[in-house]
Amino acid sequence: MKLETERLILRPWEEKDRDPFAAIVGNPHVMRFYTHPRSREEADAWFDRMVADLETGVTRLAAELKTDGSLLGLVGLASIDFEIPTNPKTEIGWVLGEAYWGKGYAPEAARACLDHAFTVLNLPEVVAFTTRTNLPSQRVMEKIGMVRDAGADFDHPKLPIGHPVRPHVLYRVINPRS
Ligand SMILES: CC(C)(COP(=O)(O)OP(=O)(O)OC[C@H]1O[C@@H](n2cnc3c(N)ncnc32)[C@H](O)[C@@H]1OP(=O)(O)O)[C@@H](O)C(=O)NCCC(=O)NCCS
């Protein structure tokens, strides 16, 4: 599966992405809204999960810059494998290297993924969630037409109780074709 936007290619992960991906998610500033920057071992495990998900079609993709082929980071869908109150099934997410922030790349890539989700996969709805203080990510959600469902805020069950990043906000968008 490959998607194309004006400035980006969204494509399956390749082995050459492993090192730059580890550098992105190992960066403390990039990961400041997560519990911790990922060790090389954790980054490799994350990378392997994304590669395995490629088979399902509901997957994070490698976002690559058309001009020089550099890896920006990950953008794409994922199946939700834990309980959150309104029981949504599919989420969209993004993590880009710091050098690429502020240029509208995440919303550009995410719009293509949403279009794919609604027109090819025919998903009824996609949600996105992030920790309450992650305003840049919430801006991306707003830019791509997602709307916050304040009643669906939740404490992320996979994060430690009492950790500052545990409280999450949830945004949703319904398939306009449904
Ligand atoms: C969230 C993220 C993907 C946004 O990507 P992006 O391509 O920069 O998105 P945009 O260019 O549309 O910018 C979105 C917002 O990010 C913020 N932003 C932009 N440049 C920034 C910078 N250099 N430093 C901090 N925040 C910045 C602004 O609030 C911006 O909103 P605005 O356009 O209304 O000013 C990116 O910041 C990122 O990868 N962050 C770290 C990982 C992360 O938190 N992922 C989400 C986990 S749920």
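1. Basis. The model is predicted; local features need pLDDT of at least 70, side-chain atom pairs count only at pLDDT 80 or more, and totals for chains, interfaces and linings use all residues. Residues are numbered from 1 along each chain as its sequence is written, and side-chain values use heavy atoms, with hydrogens and water left out.

2. Shell. The ligand is surrounded by 20 residues (near means a heavy atom within 4 Å). W94, G102, G104, R139 and K143 are the closest. By class, the shell holds twelve nonpolar, five polar and three charged residues (Gly counts as polar; Asp, Glu, Lys and Arg as charged).

3. Elements. At least two shell residues each come from strand 5 (90–96), helix 3 (105–119), strand 6 (125–131) and helix 4 (135–143). Helix 4 gives the most, five residues. Helices (H or I, at least four residues) and strands (E, at least two) are DSSP runs.

4. Polar contacts (N or O pairs within 3.5 Å). A polar backbone atom of G102 is 2.7 Å from a ligand oxygen. For a backbone N or O atom of G104, the distance to a ligand oxygen is also 2.7 Å. N134 uses a polar side-chain atom, 2.8 Å from an oxygen of the ligand.

5. Burial. Alone, the ligand exposes 910 Å², and the protein buries 74% of that (Shrake-Rupley, 1.4 Å probe).

Methods. Polar contact = N/O pair within 3.5 Å; in protein donor to acceptor, adjacent residues only side chain to side chain.
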